Amino acid sequence: MSPESTGQNEHHLTVYRRGFRTWRGNRPFWAGLFTILGGLPIAYFPYANMHLGNMTIAMSTTAGAGSLIIGILLITLGFTMWFHHIVRVFAGVAAILLALISIPVANIGGFIIGFLFALLGGALSIAWAPAEATGVPASEGPEAQMSRVDAPEAPEHRQEPHDAGEAPRRPMLFKAAAEADGGRHRAG
């Protein structure tokens, strides 16, 4: 066994943490977490009883079943964002709609707490996009990847010297985008 061998002396917690970090990076983790955290107060508050001394305050309303359904659906959508990230846009839109519906149905959206968390989770789910494979080896750092991707293309032919009144020609960095719409803005 050489002193350079890796992986054998690592602690199990470090291995699990790295695995969780990889799992979390491949899906809209924070969107699912905020959606689940939004569903919990929406489902809980209509059935909660608070005790202040000898007095019991019940916040149960006639819309308790609706609140429970909205809360459970938000929790389910949060898990859907985690385990089926392909349908993240649908889950995000559904979470936003359920958060909006929870305002009149579920004690002002779980006293605004659940509403805000569910709204934020739905928006994050819609905005999340999976990372694209760049084809660059992982051993190269992000600086090398950026310089490789953003480097301007070499001119196809050698430019001849220009007159003093003519501006120098520069290679066009976004050739495909400019040619797609004739160099104009889409609205124009």
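In this predicted model, the contact between α2 and α6 (heavy atoms within 4.5 Å) brings Trp30, Ala31, Phe34, Thr35, Leu37, Gly38, Pro41 and Ile42 of α2 up against a set of α6 residues that includes Ile113, Phe115, Phe117, Leu120, Gly121, Gly122 and Leu124. Sorted by type, the residues of this contact come out as 12 nonpolar, 6 polar and no charged; here Ala, Val, Leu, Ile, Met, Phe, Trp, Tyr, Cys and Pro count as nonpolar, Asp, Glu, Lys and Arg as charged, and the others, Gly among them, as polar.

As for geometry, α2 spans residues 29-44 and α6 residues 113-127, and the two pack at about 155 degrees with axes 7 Å apart. That makes the pair roughly antiparallel, the label for angles over 145 degrees on a scale from 0 to 180 between N-to-C directions. The crossing of α2 over α6 is left-handed, in that the near helix is turned anticlockwise from the far one by less than a right angle.

Zooming out, the protein chain holds 8 helices and 2 strands, taken as DSSP runs (H or I, at least four residues; E, at least two). Read from the N terminus, the order is α-α-β-β-α-α-α-α-α-α. Of contacts between residues at least 6 apart in sequence, 66% link residues at least 24 apart. Buried residues (under 20% relative accessible area, 1.4 Å probe) account for 24% of the 188 in the protein chain.

Residues are numbered from 1 along each chain as its sequence is written. Because the model is predicted, local features need pLDDT of at least 70 and side-chain atom pairs 80 or more, while totals for chains, interfaces and linings use all residues, and side-chain values use heavy atoms, without hydrogens or water.

Methods
Parallel < 35°, antiparallel > 145°, perpendicular 65-115°, else oblique. Buried < 20%, exposed > 50% of the residue type's maximum accessible area, 1.4 Å probe, protein only.
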